[in-house]
Amino acid sequence: VVHSALGIESNTQRIMDRIRKYKTERIVVEGNGVGVALLYQLRTLNDTKCIIEGFHERMPKDAKINAFHEFVLDHFIFDEKYRDNPDYKLFVSDLVAYRRDGGTENNHRKDAIDVCASASKYIKVKYKSMLYNSSI
């Protein structure tokens, strides 16, 4: 997780550093708005075997959060040592502080739950047969 307000250039390099460090095989980037530039920069800088996949999201942020909030709560596991990493600590703090009925208090917290909602949607579409196959 790279969750910060440092800007696209800084975050692009930090993402590439983590791809190299953890030998990441695939990342998925939401290609809307700033994500298009991020996707382009990552693909340009990519000197690894990592597949950098983009997807376009049409669902409005609030609708997506409401649609996938329960899936995040039921299926996502977060590292209990989140305090050791400043980015991850901010991410988890924003994630757990988000309230569905929080109104404008949530504006700065939406990115954390939004990225989880996007991941949920991606997982549910890509792995639908595995998630909902009754024989497993």
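**Close-up 1. The buried residues of helix 4 in a predicted model.** Asp87, Tyr88, Phe91, Val92, Asp94 and Leu95 are the buried residues of helix 4, where buried means under 20% relative accessible area and exposed means over 50%, with a 1.4 Å probe and protein chains only. Seen down the axis of helix 4, these buried residues fall within an arc of 165 degrees, so they line one face of the helix; the arc is taken over the directions from the helix axis to the C-beta atoms. On the other side of helix 4, Pro86 and Val96 are exposed. The model is predicted, with local features needing pLDDT of at least 70 and side-chain atom pairs counting only at pLDDT 80 or more, whereas totals for chains, interfaces and linings use all residues. Residues are numbered from 1 along each chain as its sequence is written, and side-chain values use heavy atoms, with hydrogens and water left out.

**Close-up 2. Helix 4 against helix 5.** The buried residues of helix 4 pack against helix 1 (8–22) and helix 5; helices are DSSP runs of H or I with at least four residues, strands are runs of E with at least two, and both are numbered from the N terminus. The axes of helix 4 and helix 5, which are lines fitted to C-alpha atoms over the stretch in contact, come within 7 Å and cross at roughly 90 degrees. Helix 4 and helix 5 are therefore roughly perpendicular to each other, a term that covers angles of 65 to 115 degrees. Phe91, Asp94 and Leu95 of helix 4 make the contact with Ala112, Ile113, Val115 and Cys116 of helix 5, contact meaning heavy atoms within 4.5 Å.

**Close-up 3. Helix 3 against helix 5.** Helix 3 (residues 61–75) and helix 5 (residues 110–126) have axes that come within 8 Å and cross at roughly 70 degrees. That makes helix 3 roughly perpendicular to helix 5. Among the residues that make this contact are Phe68 and Phe71 of helix 3 and Ala117 and Ile123 of helix 5.

**Close-up 4. The buried face of helix 2.** In helix 2 (residues 34–45), the residues Gly35, Leu38, Leu39 and Leu42 are buried. Seen down the axis of helix 2, they fall within an arc of 100 degrees, so they line one face of the helix. An α-helix has 3.6 residues a turn, so residues three or four places apart point the same way. Tyr40 and Thr44 are exposed on the other side of helix 2, while its buried residues pack against helix 1, strand 1 (26–30) and strand 2 (51–55).

Technical notes
Axes fitted to C-alpha atoms, helices over the stretch in contact; angles between N-to-C directions. Parallel < 35°, antiparallel > 145°, perpendicular 65-115°, else oblique. Expected span 1.5 Å × (residues − 1).
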